[in-house]
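Open the model in your viewer and keep the sequence panel beside it. Each stop below gives a selection and then says what is there.

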Amino acid sequence: MEPLYIIACTVVWEEMQSHVPAGTPALVLEFGLHNSPEKLRQRLQEEIDKVPPGYTIVLGYGLCGGGMDGIRAGEHRLV
């Protein structure tokens, strides 16, 4: 099983963090990105593209105005 890499909104991270194994890399992004789905999509894609090979990326986001539409996983698995 591939190790996890978390990318989450600060609000969702509050709910997730107690369930994430210790030592799991996590990037917590600012709450305001959901106000602009295009900016959210761009920022998420930039961060996904930076994740080293060999990780399963867990996204901690809701629908966020369609901000997830068009996100590409590249070689990663997105959850």
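With which residue does Glu47 form a salt bridge whose closest N and O atoms are 3.5 Å apart? The partner is Lys50. This is a predicted model, so read each distance as computed from predicted coordinates.

**Stop 1**

Select Glu47 and Lys50 together. Both are in helix 2, and because they are 3 residues apart, about one helical turn separates them. Lys50 is exposed, at 58% relative accessible area. Glu47 is at 12%, and so it counts as buried, the limit for that class being under 20%.

How many salt bridges does the structure hold? The count is 4. One of them joins Arg41 to Glu38, with the closest N and O atoms 2.4 Å apart. To see this pair, stay on helix 2, where Arg41 and Glu38 lie 3 residues apart, about one turn of the helix.

**Stop 2**

Start with strand 1 and strand 2 (residues 26-29), which run parallel and are joined by 4 bridges. Select Ile6 and look across to strand 2: its bridge partner there is Ala26. Then trace the chain from strand 1 through helix 1 (residues 10-16) to strand 2; this β-α-β crossover is right-handed.

On to strand 3. Strand 1 and strand 3 run parallel, with 5 bridges between them. Ile7 has Leu59 as its bridge partner in strand 3.

The last pairing is that of strand 3 with strand 4, which is parallel and spans 2 bridges. Thr56 is bridged to Arg77 in strand 4.

**Stop 1: strand 3 and Thr56**

Select strand 3 by itself. Is strand 3 enclosed or exposed? Because 5 of its 5 residues are buried, strand 3 is largely enclosed by the rest of the structure. In a regular strand, side chains alternate between the two faces of the sheet. In strand 3 both faces are covered: Thr56, Val58 and Gly60 are buried on one side, and Ile57 and Leu59 are buried on the other.

Zoom in on Thr56. Thr56 has 5% relative accessibility and so counts as buried. Its side chain makes a polar contact of 2.7 Å with the side chain of Glu2. Beyond its neighbours within four places in sequence, Thr56 is in contact with Glu2, Pro3, Leu4, Tyr5, Arg77 and Val79.

**Stop 2: the nonpolar cores**

Hide the cartoon and show side chains. In soluble globular proteins, nonpolar side chains tend to be buried together. Which residues touch the most other members of the largest nonpolar core? They are Ile7, Leu44 and Tyr61, out of 14 residues in that core. Strand 1 (4-9), helix 2 (37-50) and strand 3 (56-60) are the elements that each give two or more residues to this core.

Center the view on Ile7. Leaving out residues up to four places away in sequence, Ile7 touches Leu27, Leu29, Leu44, Glu47, Ile48, Val51, Ile57, Val58, Leu59, Gly60 and Tyr61. That list brings back Glu47 from the opening stop.

Key
Residues numbered from 1 in each chain as written. Predicted model: local features only at pLDDT ≥ 70, side-chain atom pairs only at ≥ 80, totals over all residues. Heavy atoms only, no water. Core = buried A, V, L, I, M, F, W, Y, C linked by side-chain atoms within 4.5 Å. Buried < 20%, exposed > 50% of the residue type's maximum accessible area, 1.4 Å probe, protein only. Contact = heavy atoms within 4.5 Å. Polar contact = N/O pair within 3.5 Å; in protein donor to acceptor, adjacent residues only side chain to side chain. Salt bridge = Lys/Arg side-chain N within 4 Å of Asp/Glu carboxyl O. Pairing = 2+ DSSP bridges. Right-handed = clockwise from strand over helix to strand, strands pointing away.
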